[in-house]
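The sequence and the structure come first.

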Amino acid sequence: MKKLVLTVAVALVMSAAAISCGSKAESGADMKAKIENCSNPDSLKVYVEQAKTYAQKLVAEGKVEEAKKYLAEVEPVVKEKAPALAGTFSAVTTALDKVESVAGDKAEAAKESASAAVDSAKTAASNAVDAVSAKAGEVKDAAAQKAGEVKDAAAQKAGEVKDAAAEKAQQAKDAVSDAAQQGADKVKDLFK
């Protein structure tokens, strides 16, 4: 009966310690002090488990550097005080390594993707400049050709107008000359 009561009491103390310590995040120095000052192996297990849980929480939140710092403070004390529990942090350390590896891979992939996007944008811009230059050249050539055609047409029309004017002037001159001759003939006839 005594063993049963003692076991229940230890379980209650451990769960109370887990609840009270789990409700707030403790710094690495606080947890280190708790572990250093702990003499009860059951409480020591609870503290180590709390430290592990808190480090895992930091990793899950993406606070990798904070988790590393926390483990760097707590892990040496655990190895010294309870070497059998030191392996508890190996899962967290492995998770940290994986997170860093994945983060590094993602950063490299993002860098390569950004580089490819920049290269693609440069190529597209270069192609656009080339296309605009080609179109501008075509427009310039077409404008020059049209200007030449207009100039030729204007010169031809000017020539036609000049010829027509010269012909009309000649006809007018001939008409005036004929009229003058007829007038002179009539004046001669009158004096006869």
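Helices (H or I, at least four residues) and strands (E, at least two) are DSSP runs, numbered from the N terminus. The model is predicted, so local features need pLDDT of at least 70 and side-chain atom pairs count only at pLDDT 80 or more, while totals for chains, interfaces and linings use all residues. Residues are numbered from 1 along each chain as its sequence is written, and side-chain values use heavy atoms, with hydrogens and water left out.

The chain holds 5 helices and 0 strands, in the order α-α-α-α-α. Of its 192 residues, 18% count as buried (under 20% relative accessible area, with exposed over 50% and partly exposed in between; 1.4 Å probe, protein chains only). Contact means heavy atoms within 4.5 Å. Among contacts in the chain with a separation of 6 or more, 64% are between residues 24 or more positions apart.

| Helix | Residues |
|---|---|
| α2 | 28–37 |
| α3 | 41–60 |
| α4 | 64–81 |

Helix α4 has 18 residues and should span 26 Å at 1.5 Å a residue; its end C-alpha atoms are 25 Å apart, which agrees. The expected span is 1.5 Å times one less than the number of residues. At Val 74, α4 bends by about 30°, and Pro 76 follows within four residues. The bend is the angle between axes fitted to the seven residues ending at a residue and the seven starting there. Buried residues of α4 include Tyr 70, Leu 71, Val 74 and Val 77.

The axes of α2 and α4 come within 8 Å and cross at roughly 5°. That makes the two helices roughly parallel (angles under 35 degrees; over 145 is roughly antiparallel, 65 to 115 roughly perpendicular, the rest oblique). Axes are lines fitted to C-alpha atoms, for helices over the stretch in contact, and angles run from 0 to 180 degrees between N-to-C directions. Residues meeting across this pair include Met 31 and Ile 35 in α2, and Tyr 70 and Val 74 in α4.

Ala 55 lies in α3 and is buried, with a relative accessible area of 0%. Its C-alpha atom is 7.0 Å from that of Leu 71, 16 residues apart along the chain.
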